[in-house]
Amino acid sequence: MIIRTLLFLLSSSIIFWPVPLVGVESTAKAPTADFLVSLVRHGDRSPRDLGDMAGYWPMGPGQLTVEGFEQEYLLGKKIRSHYFSETLPKAWSPRVSLHIAKGLDRTIQSASALLQGIYPGQPGRTGLPGGIQVPPVYATPLASDDLFSAQRLCPGYLSRVRALETSADWLHKKEQFQTQLEGWLGMWFGDDSKSRDRELHALLPLIDQIAIHRIHRLPMPKGISRHEAVELEDLLNWVVSRIFGNYEIAQLIGAPLAKAMIRDFKNVQQCLEQKEGQCQRWILYSASDSNLLAIMTLLGAPSEKIVDYAAHLGVQLNWNLGQPRVVLSLNHEPFIVPGCAGHCSLEQWLALLEQALPDDWDHLCDRVQPASYPEPYVPRGSVARR
């Protein structure tokens, strides 16, 4: 059972924490970005495991909802107005931006919805509808996705999570819920004897369904009271914060993306220094809560709860006449991390990313066959280069 539930956790995202639609207003206005990296969580989705609630979710398990599309579209409009002050072209060009998504329906669709908000398009020619444009989104199948999903490829992830389950604070948490845990597991797994393992991970499919049904004001699974639903959501935040707050787990999930960002910024720096003309303005990484949480931990600012749907971690570069400045933001507000208190030099930012890279990827990944440290994914056929 632990493998089944751990594989559930390996899915691109775990749950949504209730907040209003992201990207409508902000209290601060940043200077126009010369370059921006956006790490974004997908929008609102259906539960990963529908159980006997499939009738409420005709789109199927783990799929983007109408609300999710809207969240991402509004986020795209917000990114355009907040970071670029409308200086981006209205129509997409491969020399302007690059868009990479985790290989899941909801992350790919989220990127596409966001891009419709970023690029409103030019008026159409006679007889053609105006404003319709579909910029490309690049994605790699999960089975080989070492940019966003290294934990799927590395046994080291599972072994580290199992070690957490036997640690003192996890055992103490299980003791707190001793009377309820067996009932919750039995309700979800029925007579399956494996449900008696009392692993906290085994509750994730149930909690996922409960929390999403609460957001959408849908009925709870039979046997779950409103009070228990709140308890379970609190437990979920506790479990997730402990997993992705673990530095080695965060390295395993976040280091490939950190390495990609290093290349992104070095390439743009070289372009701006050499005054090559039009340099790339924006890179989108459409990902999951696990990716954002891992990067936050690597930067020294772990989160105590799951990040919201359509959450936006922005890393903005202002060239500043050859004295480049990096500004960090989370949902368009300053994001403070050790060594970069909301803003820092480009040199400081690159040093933060580089110190987060593991010294021994093979040890971290723990594969039977040696695994070379993954190079960032570079889409073929695009003039956008790292």
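This is a predicted model: local features need pLDDT of at least 70, side-chain atom pairs count only at pLDDT 80 or more; totals for chains, interfaces and linings use all residues.

Student: Okay, Cys271 and Cys279: buried or exposed?
Tutor: Both Cys271 and Cys279 are buried. Buried means under 20% relative accessible area, exposed means over 50%, and partly exposed is in between, using a 1.4 Å probe and protein chains only.

Student: How many disulfides does the structure hold?
Tutor: Three. Another one joins Cys154 to Cys365, S to S 2.2 Å. Cys154 sits in the loop between α4 (150-153) and α5 (155-165) and Cys365 in helix α13 (residues 361-365), so this pair ties together parts that are 211 residues apart in sequence. Helices (H or I, at least four residues) and strands (E, at least two) are DSSP runs, numbered from the N terminus.

Student: Why is the disulfide of Cys154 and Cys365 called left-handed?
Tutor: Because the torsion about its S-S bond is about -90 degrees. Cys154 counts as buried at 4% relative accessibility, and Cys365 is buried at 1%.

Student: And which cysteine does Cys340 bond with?
Tutor: Cys344, with the two sulfur atoms 2.2 Å apart. The torsion about that S-S bond is about -85 degrees, so this disulfide is left-handed. Cys340 is buried, with a relative accessible area of 1%, and Cys344 is buried with 6%.

Student: What pattern do the disulfides follow?
Tutor: Counting bonded cysteines along the chain, the pattern is 1-6, 2-3, 4-5.

Student: Let's zoom out. How many helices and strands are in the chain?
Tutor: There are 13 helices and 10 strands. The chain has 386 residues, and 56% of them count as buried.

Student: Pick two helices for me. At what angle do α2 and α3 cross?
Tutor: The axes of α2 (residues 66-84) and α3 (residues 105-118) cross at roughly 45 degrees and come within 6 Å. That makes α2 oblique to α3. Axes are lines fitted to C-alpha atoms, for helices over the stretch in contact, and angles run from 0 to 180 degrees between N-to-C directions. Under 35 degrees counts as roughly parallel, over 145 as roughly antiparallel, 65 to 115 as roughly perpendicular, and the rest as oblique.

Student: Which residues of α2 and α3 meet?
Tutor: Among them are Phe69, Tyr73 and Leu75 in α2, and Ala113, Leu114 and Ile118 in α3. Contact means heavy atoms within 4.5 Å. By class, the contact of α2 with α3 has seven nonpolar, five polar and three charged residues. Ala, Val, Leu, Ile, Met, Phe, Trp, Tyr, Cys and Pro count as nonpolar, Asp, Glu, Lys and Arg as charged, and the others, Gly among them, as polar.

Student: How about α6 and α9, what angle do they pack at?
Tutor: About 170 degrees, with the axes of α6 (residues 168-176) and α9 12 Å apart. That makes α6 roughly antiparallel to α9. Asp169, Trp170 and Lys173 of α6 make the contact with Leu235, Trp238, Val239, Arg242 and Ile243 of α9.

Student: New topic: what's up with the phi of Arg217?
Tutor: Arg217 has a positive phi of about 55 degrees although it is not a glycine. Most residues other than glycine have a negative phi. Arg217 is in the loop between α8 (204-215) and α9, and it counts as exposed at 76% relative accessibility.

Student: And where does Asn331 lie?
Tutor: In the loop between β6 (325-330) and β7 (333-334). Asn331 has a positive phi of about 55 degrees too, and with a relative accessible area of 25% it is partly exposed.

Notes: Residues are numbered from 1 along each chain as its sequence is written. Side-chain values use heavy atoms; hydrogens and water are left out. A disulfide is a pair of cysteine sulfur atoms within 2.5 Å.
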